[in-house]
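Welcome, and please open your viewer. We will go from stop to stop, selecting a few residues each time and looking at what is there.

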Amino acid sequence: MSKLLALVTLAIAANSVAAVGPWGQCGGLNYSGSTQCDAGLNCVKLNDWYSQCQPGQNQPTTPAPTTSVPTTPIPTPTTPTTTSNPAPTGTGWVPVPSASANGLQDKLYKRGKHYFGACADPNTLNIASNVAVLQREFGQVTPENSMKWDAVERTFHRILHNFRELMYVDIDAASRGQFSFGNADTLVNWATSNGKLIRGHTLVWHSQLPGWVNNISDRATLTTVIQNHIQTVAGRYAGKLLDQILAWDVCNEIFEENGTLRNSVFNRVLGESFVTIAFQAARKADPTAVLYINDYNLDSVNSKVNGMVSLVNRVNQANPNTIDGIGTQMHLQAGMGSTSQAVLTALAAANVKEIAVTELDIVGAPSNDYTQVVRACLNTPKCVGITVWGVSDANSWRSSSTPLLFDRSYNPKAAYTAIANIL
Ligand code: G3I
């Protein structure tokens with residue numbers, strides 16, 4: 001009798017494994033949930049770690065090819081895109097990120113864009129309220145700090161201090177070729193297991209750069225150092241994540257305000273050629289990632305915007321398909337949302353496949369400015385997505401300016417509601 005009871009209980013338990021609803025996970029390494037999708041949905045493999053229940057028959061069941069930038073079309077959104085908001089042209093098919101229905105990701109995706117993202121890193125991924133908002137609202141994460149040069153190619157040595165205290169001392173000169181990926185891996189693993197896209201940030205940047213790189217003075221050494229850094233960092237996440245590393249900010253903040261190249265070690269030693277060297281190294285390291293040049297203060301059609309467009313056109317004319325996209329960071333003051341449309345239009349006129357808003361935050365978080373930026377992206381076919389530079393004011397790099405969409409208690413602010421209402 002007891003055996004019979006156990007069998008009945010087992011049968012009931014087996015039958016009660018629910019099918020997975022739209023956009024839910026239905027497979028992947030280490031996944032132990034149901035692999036059955038609700039009627040009308042297909043379980044689509046996005047990568048080795050993540051399969052997703054998606055409506056319709058038109059999505060590819062395998063990720064895009066690995067030898068060139070993907071060319072297959074992006075999947076059809078669940079809600080038809082209106083003619084005034086056409087799908088982004090972009091570089092091709094992008095996996096559908098996982099997020100809650102009616103969150104920002106879901107709403108923006110249904111308007112034909114690939115993602116609404118936020119920056120993150122282990123220091124914010126260990127805050128439960130922050131993670132809950134990321135899971136619900138955002139479909140893409142950008143590592144705020146963990147992939148920067150001084151975070152991955154830098155050596156810390158443990159030494160005993162005063163015979164009692166252990167200290168970590170940065171042995172800067174010894175860090176060439178010594179990589180540590182702890183925080184970057186944590187971010188990538190979290191994103192992958194939660195179905196989020198990743199924008200890699202950043203490979204060549206004058207800031208957060210170890211001193212030994214700044215001290216290089218000959219072309220051959222600096223070229224090799226750039227190539228090795230990019231091959232090791234971008235190469236680490238290529239292929240393993242298939243399409244999950246959606247894009248890389250290959251070169252970051254390389255312009256002065258007047259539109260000429262910044263006086264960095266890269267420009268001093270290599271001149272403008274460092275841009276092509278870096279992008280070609282990134283293409284070799286991760287052939288499916290979309291390669292971006294990214295900068296700040298591109299907030300009105302100014303000399304920096306013109307310098308950016310000229311350089312991108314020059315580089316892509318000399319070597320076609322070198323730079324895929326332009327990122328405008330958009331760390332804005334209140335009132336600056338009004339010029340965002342003109343800027344996106346100017347950047348989209350460059351010879352690139354796509355553009356994106358990559359680090360959005362606005363002092364005081366005025367609803368009007370936020371909605372102007374979102375509308376500008378909606379109205380610009382090449383704009384593929386928006387990333388905000390943090391979730392909550394509690395963790396913003398400019399926290400006292402309260403520039404984000406969620407307050408210090410992770411509650412949505414007026415700007416969040418305003419965006420949700422226009423999407
Ligand atoms: O990791 C060290 C820690 O070991 C040390 O004890 C501590 C003491 O100051 O510093 C820690 O590093 C800090 C790092 O953030 C990680 O928390 C740096 O001092 C701090 O300068 C760094 O700030 C970051 C800044 O970039 C510089 O890299 C901000 O968090 C980050 O939001 C900001 O992001 C940049 C984008 O990458 C590029 N565009 C502008 C944007 C805002 O400045």
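Which residue in β14 is the bridge partner of F116? Select both strands and look: the partner is I386.

Before going on, note that this is a predicted model, in which local features need pLDDT of at least 70 and side-chain atom pairs count only at pLDDT 80 or more, while totals for chains, interfaces and linings use all residues. Residues are numbered from 1 along each chain as its sequence is written, and side-chain values use heavy atoms, with hydrogens and water left out.

**Stop 1: strand β4**

Select residues 115-120, which form β4. Helices (H or I, at least four residues) and strands (E, at least two) are DSSP runs, numbered from the N terminus. Strand β4 pairs in the parallel sense with β14 (residues 383-388) over four bridges; two strands pair if DSSP finds at least two bridges between them.

Buried means under 20% relative accessible area, exposed over 50%, and partly exposed in between (1.4 Å probe, protein chains only).

**Stop 2: V290**

Next, pick V290 in strand β10 (residues 290-295). V290 counts as buried because its relative accessibility is 4%. Leaving aside neighbours within four places in sequence, V290 is in contact (heavy atoms within 4.5 Å) with T91, L246, A247, W248, D324 and E354.

**Stop 3: the largest nonpolar core**

A nonpolar core is a set of buried Ala, Val, Leu, Ile, Met, Phe, Trp, Tyr and Cys residues joined through side-chain atoms within 4.5 Å. The largest one has 98 residues, and F138, W248, F266, I293, L360 and Y370 touch the most other members. Helix α10 (residues 273-285) gives the most to this core, with eight residues. Center on F266: not counting residues up to four places away in sequence, F266 touches partners including W149, L222, I226 and F274.

**Stop 4: helix α8**

Finally, select residues 219-237, helix α8. Which of its residues are buried? They are L222, T223, V225, I226, H229, I230, V233, A234 and Y237. Look down the axis of α8: the buried residues fall within an arc of 165° (taken from the directions from the helix axis to the C-beta atoms), so they line one face of the helix.

Note on methods. The expected span of a helix is 1.5 Å times one less than its number of residues.
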